Amino acid sequence: MEEASQNTETVKKVFIQTYGCQMNEYDSNRIFDTVKKIGLITQVAEEADVLLLNTCSIREKAQEKVFHQLGRWKRWKDDKPNLVIGVGGCVASQEGDAIRRRAPYVDLIFGPQTLHRPEMLKKVSRGQKIIQTKRHARQKVRNFIPEYAFQQTQHHGIKAHLAITKGCNNHCSFCVVPFTRGRERSRDPKSILEEIGVLFGKAFLIILGENVNSYKANGVDFVELLHRLDELENLQRLRFISPHPKDFHEELADAFVTLPSLCEQMHLPLQSGSDRILRRMRRWYTMETFYEKVAMLRDRLPEATISTDLIVGFPGETEEEFEMTMEAVRTIRFDLIYSFKYSTRPGTRAAEYPEHLAEDEKSKRLQILLETQGKIVQEKNEALVGSIQEVLVQGKHYRKNSITGRTRGNHSVHIDDSCAIAGDLLSVRITGALQNSLEAEIISTSTVLS
Ligand code: SF4
């Protein structure tokens, strides 16, 4: 348990459960910072006085998980009536009314933009109910400097996450992010570098944003920011999540070659291989331009790994259009895909589209996609056997005397009979290929973190 910093006036022990993406994890760290000013954080839910769920609503499944968890906590509250239950993040923003209806015992509902307000937790601990779920106006906001500062941010281990943009202006027809997180705001580069001061000594930095590569603030664009981050002392590896293909261009492709810390790995979310579906998704690129972007990176760095997101069964997707997605998968041979069956998000344009596909048809298409991708990954992993890779050790593997780490291309690697520790940088030879990971033997070790 962490120590309270100063004012322990009202809030007692707070437990935070996070569901969703890395941006949500990052936001939970912001909530930790707020709580630490006025109370205690506990890792044990059963001993908490305040239970907070920080949530994601991009997928329907995540949302259902929230109600399931709330149901469990309701039973605890029946035995302990003073227990405070709160829901924050995107589900709260998007589904505040549904939460009030389905879970009236919830005391606090707050969107991602209000999580930094300690007074909320104080009031709710005094027995007040607080519901703050406003959606965001469509005003243009650029060069945004957050009104809050999180000097006590928690950054565990060798790795740190840092949000540089929030919100999104793209309004993809299937996505709720612009509604739940608002218009895109880029953080002032000075405040980014100030927070980096808190992270001093981290070997591995992941910068985050819903549309991270459209970053622009106070005259600094995304590529310029990468250059400034690359100059950080001690930084071994830099990655970014999640970019939009429309904002991937020659200068960014060049950065992969010129910046030593920028890992040779790019996430390019394709979503569909059909131009008609891409238009209906409001993705603002075609398959032709997507192939050009892939070539932009591979022409410079043939060994670069590329991952993607794909949605199958988008409303109106025909068999032929699904086959176009499969064709793109077979042609590009992504190193990793995050694939999803389309799920309707209330309030989005796609929810209003006709021709929603039956669940079993979506499941069938997803299965075909996963089988094909499974074979591609196996082949690509086998092609790496015998190669020399740099691995940053992340910790122990569940197998005895075994450690786990990541290559610069983001492959998971296991090494047996090693006493290397998190933060060690290894030169390894790949000795085996499994479905989702590689096995390796060490050639040499250097310690990048003391
Ligand atoms: S780019 Fe599209 S999918 Fe990504 S957060 Fe913005 S609206 Fe959502």
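How many residues of the shell around the ligand are nonpolar, how many polar and how many charged? The shell divides into 5 nonpolar, 4 polar and 1 charged. Its members are Cys168, Asn170, His171, Cys172, Cys175, Val177, Pro178, Glu210, Asn211 and His244. The model is predicted.

**The chain and its confidence**

The protein chain has 450 residues, of which 40% are buried. Its secondary structure consists of 13 helices and 21 strands. Among contacts with a separation of 6 or more, 73% join residues 24 or more positions apart.

The average pLDDT of the protein chain is 84, and 85% of the residues score at least 70.

| Stretch | pLDDT | Contacts in the model |
|---|---|---|
| Residues 1-8 | under 50 | 14 beyond four places in sequence |

Where pLDDT is low, the predicted coordinates should not be read in detail.

**Ser186**

Ser186 lies in strand β9, which covers residues 185-186. Is Ser186 buried or exposed? Ser186 counts as buried because 27 other C-beta atoms lie within 10 Å, and the cut-off for a buried residue is 20 or more. Asn218 is 32 residues away from Ser186 along the chain, yet the C-alpha atoms of the two are separated by 9.2 Å.

**Helix α11**

Helix α11 is formed by residues 319-332, 14 residues in total. From its first C-alpha to its last, α11 reaches 20 Å, close to the 20 Å expected at 1.5 Å a residue.

Which residues of α11 are buried? They are Phe322, Thr325, Ala328 and Val329. These residues are on the same side of α11, because they cover an arc of only 110° around the axis. An α-helix has 3.6 residues a turn, so residues three or four places apart point the same way.

What covers this buried side? The cover over the buried residues of α11 includes helix α10 (287-300), strand β15 (305-312) and helix α13 (359-383). On the face of α11 turned away from the buried side are the exposed residues Glu319, Glu320 and Thr331. Just after α11 comes Arg333, with a positive phi of about 55°.

**In brief**

Ser186 in strand β9 is another buried residue. The shell around the ligand includes Cys168, Cys172 and Cys175.

Methods. Residues numbered from 1 in each chain as written. Predicted model: local features only at pLDDT ≥ 70, side-chain atom pairs only at ≥ 80, totals over all residues. Near = placed C-beta within 6 Å. Nonpolar A, V, L, I, M, F, W, Y, C, P; charged D, E, K, R; others polar. Helix = DSSP H or I, 4+ residues; strand = E, 2+ residues; numbered from the N terminus. Buried ≥ 20, exposed ≤ 12 C-beta atoms within 10 Å, placed from the backbone. Expected span 1.5 Å × (residues − 1). Arc of directions from axis to C-beta. Contact = placed C-beta atoms within 7 Å. pLDDT = per-residue confidence, 0-100.
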